[in-house]
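Please work through the exercises below with the sequence and the model side by side, and try each task before reading its solution.

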Amino acid sequence: MVGRMAVVSDTGRRRRRNEDAFVCAPPLFAVADGMGGAQAGEVASGLAAAVLEEGAGDERGEERVASLIQEANRRVFQRSNEDAATSGMGTTMTVALVDSSGGTIAFGHVGDSRAYRVRDGRLEQLTDDHSLVGELVRSGKLSPEEAESHPQRSVITRALGTEPDVDVDTFTVEAQPDDLYLLCSDGLTDMISEDEIFAVLDGSDDLEVAARALIEAANAGGGEDNITVVLFQIGDGGEVEQTARMPAAVEPEPADDDEDTLSGLDPVPVVDTAVIPAAVVEEHLQQIESDVESRPEPRRRILPLVALIVLLVALVALAIWGLTR
Ligand code: MN
């Protein structure tokens with residue numbers, strides 16, 4: 001049922017390494033965007049992708065997608081506990097599993113790597129980012145335009161591999177002939193607008209050309225992060241032809257700080273933003289915004305729950321102290 005597909009992953013213009021990974025093994029597709037010090041980001045995303053490629057399991061649809069992501073989570077978490085060099089590593093993961101017999105596609109995701117669909121001349125984002133700005137946009141506290149250039153847009157609120165269990169979002173869509181699906185890391189969506197993405201994809205009859213054009217556009221827009229693009233189109237029973245290419249890395253410009261890590265904020269376990277009151281999130285944002293403005297570029301980080309808890313405990317203690325007096 002998958003007609004055509006293409007995948008391109010590129011280091012971009014600012015990073016020394018490519019910490020993104022992908023799976024292009026129809027009917028299964030995925031993108032993973034790793035994070036962590038040294039080479040831990042590559043280890044995390046690579047491990048997670050490898051688990052998907054093994055692809056064991058009897059379930060179907062969303063159940064299968066969720067259990068694959070949970071298994072990937074366990075493996076990354078286990079490795080980071082065994083190997084101090086990879087401690088605290090994690091990765092995003094966005095997975096699509098095409099069910100030919102049912103004419104559906106099951107998606108599952110953790111983090112801010114996105115899935116899009118082009119249908120009827122329109123580009124639609126299928127996933128909700130598990131990111132601080134994503135939560136603020138959904139709660140109406142930030143406009144989508146403000147989010148695009150927000151200094152905290154790399155802060156994700158869920159990651160795979162940082163805790164023994166992970167909260168996975170899953171959903172299923174009906175597949176139609178000629179639907180075009182895009183899975184991508186934030187290195188694409190942070191650098192170019194959805195209008196630009198749509199302009200490249202609309203009417204494209206060569207997916208590899210389209211994938212390369214997206215990478216080129218993201219690099220032209222700054223190429224500040226690794227860029228990964230997975231495209232697949234639903235066919236009408238035709239031949240499956242696969243094109244997977246890894247272009248040579250662009251010679252990176254030396255960056256002041258190549259660490260794509262939790263540095264700058266305390267390393268903490270990943271948190272589900274559902275448990276963070278919006279007021280606390282906002283307070284936290286204001287608190288860190290000033291020092292972030294002086295930084296060269298946003299780094300992927302996880303919201304420091306520990307810092308929030310310390311703050312809350314301090315406030316409660318202060319209130320109790322005040323009352324007892
Ligand atoms: Mn990224």
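The structure is a predicted model, in which local features need pLDDT of at least 70 and side-chain atom pairs count only at pLDDT 80 or more, while totals for chains, interfaces and linings use all residues. Residues are numbered from 1 along each chain as its sequence is written, and side-chain values use heavy atoms, with hydrogens and water left out.

**Exercise 1.** Describe the largest pocket and its lining.

Step 1. A pocket is defined on a 1 Å grid over the protein atoms alone, as an open set of points with protein on both sides within 12 Å along at least five of seven lines, and lining residues have an atom within 4 Å of a point.

Step 2. The largest share, four residues, is that of α3.

Step 3. There are 24 lining residues, and R114, Q125, D129, P144 and E194 are those nearest the centre of the pocket. By class, the lining holds eleven charged, seven nonpolar and six polar residues, where Asp, Glu, Lys and Arg count as charged, Ala, Val, Leu, Ile, Met, Phe, Trp, Tyr, Cys and Pro as nonpolar, and the others, Gly among them, as polar.

**Exercise 2.** Find the partner of R114 in a salt bridge, and decide whether the two residues are buried or exposed.

Step 1. A salt bridge is a side-chain nitrogen of Lys or Arg within 4 Å of a carboxyl oxygen of Asp or Glu. R114 pairs with D129, and their closest N and O atoms are 2.7 Å apart.

Step 2. The pair links distant parts of the chain, since R114 is in strand β7 and D129, 15 residues away, is in the loop between β8 and α3.

Step 3. Buried means under 20% relative accessible area, exposed over 50%, and partly exposed in between (1.4 Å probe, protein chains only). R114 therefore counts as buried at 16%, and D129 counts as buried at 10%.

**Exercise 3.** Locate two residues that have a positive phi although they are not glycine.

Step 1. Most residues other than glycine have a negative phi.

Step 2. D120, with a phi of about 50°, is in the loop between β7 and β8 (122–125), and its relative accessibility of 74% makes it exposed.

Step 3. D178, with a phi of about 80°, is in the loop between β10 (169–174) and β11 (180–184), and this residue is exposed at 59%.

**Exercise 4.** Which residues are joined by a cis peptide bond, and where does P27 lie?

Step 1. Most peptide bonds are trans.

Step 2. The cis bond, with omega of about 15°, joins P26 and P27, and P27 lies in the loop between β2 (20–25) and β3 (28–35).

**Exercise 5.** Determine how exposed L315 and V229 are.

Step 1. L315, a residue of helix α9 (residues 305–324), is partly exposed at 45% relative accessibility.

Step 2. V229, which belongs to strand β12 (residues 227–234), is buried, its relative accessible area being 0%.

Technical notes:
Helix = DSSP H or I, 4+ residues; strand = E, 2+ residues; numbered from the N terminus. 1 Å grid on protein atoms, 1.4 Å probe; cavity = no way out; pocket = protein on both sides within 12 Å on 5 of 7 lines; lining within 4 Å.
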